[in-house]
Amino acid sequence: MSIYITNTYALEETAIASRAQRIVKEEAKKLGIKEIRIPYVDYGSEDRNNMSKKIDGVLTGVFPGDTVIYQSPTWNDPNFDIFFMNKLLGIGNLNIIIFIHDIRPMMFLTEQINMPSYIELFNVANYLIVPSKNMAQYLGEKGVTTPMVTQYLWDSNKEMVFQEVPKLKKQINFIGSDAKFMISRNFPINSDVTLDLYGRKNDEMVRAENINYHGFFNEYNLLHELHKGGFGLVWTEDMYCREYMKYNTSFKTSTYLSRNTFNSS
């Protein structure tokens, strides 16, 4: 019997969604778990026969008695997930585990209508891996009956050890898109606290002496920058997104914590 884990390819390489799946996949491979590459497709225009052949192709080595860990969301249309899950059920006698990173209808107001599809998907699995007890409780209240285990806080996969302790500064470090989280337009510009933003720049960013824009950094360089001092912040001004923060586990928190790892010898 073999164990497999899915990984959606063709996602933007720098996106957190892609990073999270890759990290889980890489850790799984260390345990001898094999990868199933999930295609990222336009479900509305994709020919069903063609899509069926694609899925059959990636499931060639999966047989009854195997275990499949399905990383969700795949960022495809939820109907694709149901289509794929039916393919797994068609193989028969599989142990299906859904590793939930995020739930799109909880993230985006416009996708709330799709929540029943995800509930249906989650109830097909033998087990669920969820990011928090709050998420487990929420799903239970929505009708999910599948047994759940909690994954809790992410561990950064970058093993970096610094020689000095980060400096105490009146500085807020924020990782993420300012256009999405709207932090610069709500940060006090008459404060002696500085805001250092790491993410994509946009035309609506507020310009002020105490707001510094650094653009996108790869994780190695980002950790070196964060290690210079200041406090990490997980925040949003979007109320729907803020509510979701009660249930998910932010990858940013682990990044902020990992920059504090230092050699005290």
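A charge is taken to sit over a ring if NZ of Lys or CZ of Arg is within 6 Å of the ring centre and within 35 degrees of the ring normal. The legends below describe close-up views of a predicted model.

**View 1. Arginine charges over the rings of Trp235 and Tyr9**. Arg242 places its charged end over the ring of Trp235, at 4.7 Å from the ring centre. In a further case, Arg37 lies over the face of Tyr9, and the distance to the centre of that ring is 4.3 Å.

**View 2. The tilted aromatic pair of Tyr138 and Tyr247**. The model contains six aromatic pairs. In one of them, the rings of Tyr138 and Tyr247 are 5.1 Å apart, centre to centre, with 55 degrees between their planes. Tyr138 belongs to helix α6 (residues 133–141), whereas Tyr247 lies in the loop between α9 (239–244) and α10 (251–258), so the pair ties together parts that are 109 residues apart in sequence. Tyr138 and Tyr247 are both buried.

**View 3. The edge-to-face pair of Phe174 and Phe181**. The ring centres of Phe174 and Phe181 are 5.6 Å apart. Their planes meet at 75 degrees, so the pair is classed as edge-to-face, given that planes over 60 degrees apart fall into this class. Phe174 is buried, its relative accessible area being 0%. Phe181 has a relative accessible area of 8% and is likewise buried, since the term applies under 20%.

**View 4. The aromatic cluster of Tyr70, Phe80 and Phe84**. Tyr70, Phe80 and Phe84 are joined into a cluster by ring pairs.

Note on methods: Residues numbered from 1 in each chain as written. Predicted model: local features only at pLDDT ≥ 70, side-chain atom pairs only at ≥ 80, totals over all residues. Heavy atoms only, no water. Phe/Tyr/Trp six-rings, centres within 6.5 Å; stacked < 30°, edge-to-face > 60°. Helix = DSSP H or I, 4+ residues; strand = E, 2+ residues; numbered from the N terminus. Buried < 20%, exposed > 50% of the residue type's maximum accessible area, 1.4 Å probe, protein only.
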